[in-house]
Amino acid sequence: MGNNASNTSDRMAISAMSHMMNITKPQLLQLRDNCISASIKDGSTPSGYKLRRENFLQAMRDSRISIEPDYQVLEKLFTMWDRNSYGIDTLTFFAGISPLASIMDVNTKLQYAIEVYDYKKTGRVSRISLVRILQAINETSSYFGDKVLIPRQIVVIVDDLFDGENRLEDDDAIQYEGRVEKIACHPFVMEFSNNKGSSRYGNVQ
């Protein structure tokens, strides 16, 4: 969720890194799909897919993600996510690293992150899934040393979006197309994208 501000002191490290990465949006989606195929179906994870380190590294090789710094950065991020070496939730991880494949504005980055998480292309996102997506971006950003949001602020962002929106059926989900701009304009998201969050790595849960 980094920005393109000209003031480099306010520029997020994750945004700066996205300008150094070679991976494109289609390539990240292909890597996601390869990782889904290599994942273990696990009902204990939010998305139902668990990805292990060796499978992730193989998927990167299969997807021809070998040019530096891409392979090195993604490998290190996986290690930081996989704190207990038990594997990580596949889609949450990919939502978290999705800003690295985009150098566009906050609105575009958020739209892409949701699309990455929406593996089945439903066009819908639930309240809890959107919280996970924003938390994932927040966590990845913290690994780069950026100032990030506290968990409660993320919940407020999502609650403010869902208030007044028509729910789809009984799963507390909304169509996300056309609604991402409302998230991007939220004061907490603007605080985050301007690298003025109130938390740092080690304080994000």
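A polar contact is a pair of N or O atoms within 3.5 Å; within protein, one must be able to donate a hydrogen and the other to accept it. The exercises below use this term on a predicted model.

**Exercise 1. Arg83**

Task: State where Arg83 lies, decide whether Arg83 is buried or exposed, and find which side chains share polar contacts with the side chain of Arg83.

Solution:
1. Arg83 belongs to the loop that runs between helix 4 and strand 3 (88-89).
2. Exposed means over 50% relative accessible area. Arg83 has a relative accessibility of 55%, so it counts as exposed.
3. With neighbours within four places in sequence set aside, the contacts of Arg83 are Glu139 and Tyr143.
4. The side chains of Arg83 and Glu139 are joined by a polar contact of 2.6 Å. Another polar contact, of 3.0 Å, joins the side chains of Arg83 and Tyr143.

**Exercise 2. The faces of helix 3**

Task: Identify the buried residues of helix 3 (residues 53-62), explain why they line one face, and name elements that cover them.

Solution:
1. Phe56, Leu57, Ala59 and Met60 are the buried residues of helix 3.
2. Viewed down the helix axis, these buried residues fall within an arc of 160°, so they line one face of helix 3.
3. Glu54 and Asp62 are exposed on the other side of helix 3.
4. The cover over the buried residues includes helix 2 (25-38), strand 2 (49-51), helix 4 (70-81) and helix 5 (90-97).
5. Just past the end of helix 3, Arg64 has a positive phi of about 60°.

**Exercise 3. Helix 3 against helix 4**

Task: Describe how helix 3 and helix 4 pack, and list residues of the two helices that meet.

Solution:
1. Two packed helices are described by the angle between their axes and the distance between the axes.
2. For helix 3 and helix 4, the angle is about 160° and the axes are 11 Å apart. Helix 3 is therefore roughly antiparallel to helix 4, the cut-off being over 145 degrees.
3. The two helices, helix 3 and helix 4, cross in a right-handed sense.
4. From helix 3, Arg53, Phe56, Leu57, Met60 and Arg61 meet Tyr71, Leu74, Glu75, Phe78 and Thr79 of helix 4.

**Exercise 4. His186**

Task: Locate His186, decide whether His186 is buried or exposed, and list its contacts beyond four places in sequence.

Solution:
1. His186 sits in the loop between helix 9 (180-184) and helix 10 (187-193).
2. The relative accessible area of His186 is 10%, so His186 is buried, the limit being under 20%.
3. A polar atom of the His186 side chain lies 3.1 Å from the backbone nitrogen of Phe188.
4. Leaving aside neighbours within four places in sequence, His186 is in contact with Val156, Ile157 and Asp160.

How values were computed
Residues are numbered from 1 along each chain as its sequence is written. This is a predicted model: local features need pLDDT of at least 70, side-chain atom pairs count only at pLDDT 80 or more; totals for chains, interfaces and linings use all residues. Side-chain values use heavy atoms; hydrogens and water are left out. Buried means under 20% relative accessible area, exposed over 50%, partly exposed in between (1.4 Å probe, protein chains only). Helices (H or I, at least four residues) and strands (E, at least two) are DSSP runs, numbered from the N terminus. The arc is that of the directions from the helix axis to the C-beta atoms. Contact means heavy atoms within 4.5 Å. Axes are lines fitted to C-alpha atoms, for helices over the stretch in contact, and angles run from 0 to 180 degrees between N-to-C directions. Angles under 35 degrees count as roughly parallel, over 145 as roughly antiparallel, 65 to 115 as roughly perpendicular and the rest as oblique. A crossing is left-handed if the near helix is turned anticlockwise from the far one by less than a right angle, and right-handed if clockwise.
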